[in-house]
Amino acid sequence: MSNNMIKKVSGLEILVHWTMAISFFILVISGFGFMFHMEGVGSAFGGFEQMKTIHNWVGVVFAAALFLTIFHYLPVALKFTSDDAAWLSKAGGYLSKKAQLPPQDEINAGQKLLYIAVLVLGTAISVTGVIIWLRPDMANLNSAVLLSFLIHNISFVLFLIVIPVHIYMATLANPGTLRIMISGTVPVEWARKRHAKWVQKMGY
Ligand code: HEM
């Protein structure tokens, strides 16, 4: 790695992120297919029965990738400091060019909240998905299964709000960020502007 670059995430984390993202999109497309009984989507997956099988197993891949994010991100996201409070009170500086933000650590409060939202929604959608998958039979749905359908669908809708915001923030709103999930590295000066406290901790 050249001197003016800094490593933000590992190769394994990049692999886990894209496994999660790609499985997420397959789940969203097939999920819409089920929700609105979209014939075109169903046939693209080889029929609704096969789409169900694919949806379930891709869900397992998504849940496994989500689980692997815990080791790096959960301790970081739960460490909430006064710098995070300041970041939130100024909405990350997104609403005013004059906003003065304290130096940020590895990830900012917005990213911490994104992580917690993905973890909570991802856990809820995975657990309820398994309950729906393994339900006894359609004729007598018990209340646990009905509640699972409700939670599964609510988490789906919330994901559809959270993830487009995340993608916008990680691309158009903050040019240069996408490199983190491609090469794992960013220029030190770029990182210093956004994560000065972390850059200093890393000894740059
Ligand atoms: C095309 C789609 C996506 C793009 C371009 C994208 C981009 C990124 C980038 C660049 C980062 C690193 C941010 C940083 O460390 O400063 C990141 C982190 C992350 N992404 Fe994504 N992502 C996408 C889809 C997803 C999906 C579908 C999920 C979850 C369902 C997800 C969950 C996360 C999480 C939990 C993090 C760590 C927290 C954070 O740094 O914000 N991403 N993403």
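**Entry 1: α1 and α3**

Axes here are lines fitted to C-alpha atoms, for helices over the stretch in contact, with angles from 0 to 180 degrees between N-to-C directions. I sorted the residues of the contact of α1 with α3 by class and got 14 nonpolar, nine polar and two charged. Ala, Val, Leu, Ile, Met, Phe, Trp, Tyr, Cys and Pro count as nonpolar, Asp, Glu, Lys and Arg as charged, and the others, Gly among them, as polar.

I noted that this is a predicted model, in which local features need pLDDT of at least 70 and side-chain atom pairs count only at pLDDT 80 or more, while totals for chains, interfaces and linings use all residues. Residues are numbered from 1 along each chain as its sequence is written, and side-chain values use heavy atoms, with hydrogens and water left out.

**Entry 2: overall layout**

I listed seven helices and two strands for the protein. Helices (H or I, at least four residues) and strands (E, at least two) are DSSP runs, numbered from the N terminus. The order from the N terminus on is β-α-α-α-α-α-α-β-α. I read the span of the C-alpha trace along its principal axes as about 60 × 35 × 30 Å.

**Entry 3: α5 and its partners**

I took α3 with α5 next; their axes cross at roughly 150° and come within 9 Å. That makes the pair roughly antiparallel (angles over 145 degrees; under 35 is roughly parallel, 65 to 115 roughly perpendicular and the rest oblique). α3 passes α5 in a left-handed crossing. The contact of α3 with α5 has 17 nonpolar, five polar and one charged residues.

I then checked α4 (residues 82-89) against α5 (residues 109-133): the angle is about 95° and the axes are 8 Å apart. α4 and α5 are therefore roughly perpendicular. Asp-84, Trp-87 and Leu-88 of α4 meet Ala-109, Gly-110, Lys-112 and Leu-113 of α5, contact meaning heavy atoms within 4.5 Å. By class, the contact of α4 with α5 has four nonpolar, one polar and two charged residues.

**Entry 4: the ligand**

I found 22 residues around the ligand, the closest being Lys-8, His-17, Gln-111, His-166 and Met-181; a residue is near if one of its heavy atoms lies within 4 Å. The shell holds 16 nonpolar, five polar and one charged residues. α1 (11-35), α3 (48-78), α5 and α6 (143-170) each supply at least two residues of the shell, and α1 gives the most, with six.

A polar side-chain atom of His-17 lies 2.8 Å from a nitrogen atom of the ligand. For His-166, a polar side-chain atom also lies 2.8 Å from a ligand nitrogen atom. An N or O atom in the side chain of Gln-111 is 2.7 Å from an oxygen atom of the ligand.

How values were computed. A polar contact is a pair of N or O atoms within 3.5 Å; within protein, one must be able to donate a hydrogen and the other to accept it, and residues adjacent in sequence count only if both atoms are side-chain atoms. A crossing is left-handed if the near helix is turned anticlockwise from the far one by less than a right angle, and right-handed if clockwise.
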